[in-house]
Amino acid sequence: MLAVGMEFSRLILRLWGFFFPRSYSTPGLCQSVAMLPPAGHLLSLLLVIGTGGTAPRPRLAPQGCYVAEEAGERTFRCSQAGLRAVPTGIPNDTRKLYLDANELASVPAGAFQHLRVLEELDLSHNVLAHLSGAAFQGLAGTLRHLDLSANQLASVPVEAFVGLQIQVNLSANPWRCDCALQEVLRRVRLAPGTGTGIVCGPEARSDLVGQEFLPLVGEEELCGTGRGGARHSTDVALLVTMGGWLVLVVAYLAQYVWQNRDETRRPLKRAPALPVHSEDSSTLSTGV
């Protein structure tokens, strides 16, 4: 602390000698005050000296983006700004972020994790085809509304929505209508009126292309856990059980027929002749 104090004192003396050289006559109080440089210039000089000769520059928003106050909440708008990547320099206290109508093709992991109070995120009308499983990392406690409509999403990782309590718009995407989408719909709430816009795209099964996804959930075997999947599993189990009983019955009948066939082929055994006793013979002859 002593060394810091000495360095600060030397800095003050240097500044004083720079602005008030010894060749000046001793001025009066008013003249001394008039000779002082403007406070803003002096502060700038101190900042330059303190930062090693370069004055810090404020972080400017990307071209086409601006900060606004909407309904008392800090809003950062980058609509139709020609962005191809999530911009940097978004204020940490942003509550509403609009990145719609740009050229974003993906959202990397942790893209918004520094926005600890973000409540609404609009990524609609881009060309998003890929979302990282950690795209919304750090937003679990605050994010409430998410718009992913009108993009190129065929599938999204379920991990991207784990822990989020959000209302999401997934309409106008070429969905594959797979198990992943079914699991996503179990974790999120759809924005009102957007369910009919979730339609199976060209990467879906041929018999599902062009159909709405929500009526298919529970009727098609997508993850094997829906009502249709459970019914199919029950039917298979019943068929297997009936087949097993049928095999047992056929085996029993075959064994029964085979045994009867062996019995019919065996010759009949004659009864043994009774022996004639001699006493009976002699009695019979005596009587005659």
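A: Helices here are DSSP runs of H or I with at least four residues, and strands are runs of E with at least two, numbered from the N terminus. The model is predicted. By that count the protein chain has six helices and 11 strands.

In general, strands of a sheet pair through backbone hydrogen bonds, either parallel or antiparallel.

Now zoom in on one pair. Strand β7 covers residues 145-147, and strand β8 covers residues 167-169. The two run in the parallel sense, paired over three bridges. Within this pair, Leu146 stands opposite Val168 of β8.

Next comes Leu148. Leaving aside residues up to four places away in sequence, Leu148 touches Leu123, Leu128, Leu131, Leu153, Phe161, Val168, Asn169, Leu170 and Asn173.

The loop between β7 and β8 holds Ala150. Its phi is near 55°, a positive value in a residue other than glycine. Most residues other than glycine have a negative phi. Ala150 counts as partly exposed because its relative accessibility is 22%, and buried means under 20%. Ala101 also has a positive phi, about 60°. Ala101 lies in the loop between β3 (96-98) and β4 (106-107). With 27% relative accessibility, Ala101 is partly exposed.

For contrast, look at the surface. Val249, Tyr252, Leu253, Tyr256 and Val257 make a nonpolar patch of about 530 Å². Tyr252 sits in helix α5 (residues 227-265). Tyr252 counts as exposed because its relative accessible area is 56%, and the cut-off for exposed is over 50%.

Finally, the whole chain. Buried residues make up 28% of its 288 residues. The accessible surface comes to about 19,300 Å², with 60% belonging to carbon and sulfur atoms. Among contacts with a separation of 6 or more, 41% join residues 24 or more positions apart.

Note on methods:
Residues are numbered from 1 along each chain as its sequence is written. This is a predicted model: local features need pLDDT of at least 70, side-chain atom pairs count only at pLDDT 80 or more; totals for chains, interfaces and linings use all residues. Side-chain values use heavy atoms; hydrogens and water are left out. Contact means heavy atoms within 4.5 Å. Two strands pair if DSSP finds at least two bridges between them. Patches are made of residues with over 30% relative accessible area and no salt bridge: like charges are joined within 9 Å, nonpolar side chains (Val, Leu, Ile, Met, Phe, Trp, Tyr) within 5 Å. Accessible areas come from the Shrake-Rupley method with a 1.4 Å probe; for residues, only the protein chains shown count as cover. A salt bridge is a side-chain nitrogen of Lys or Arg within 4 Å of a carboxyl oxygen of Asp or Glu. Buried means under 20% relative accessible area, exposed over 50%, partly exposed in between (1.4 Å probe, protein chains only).
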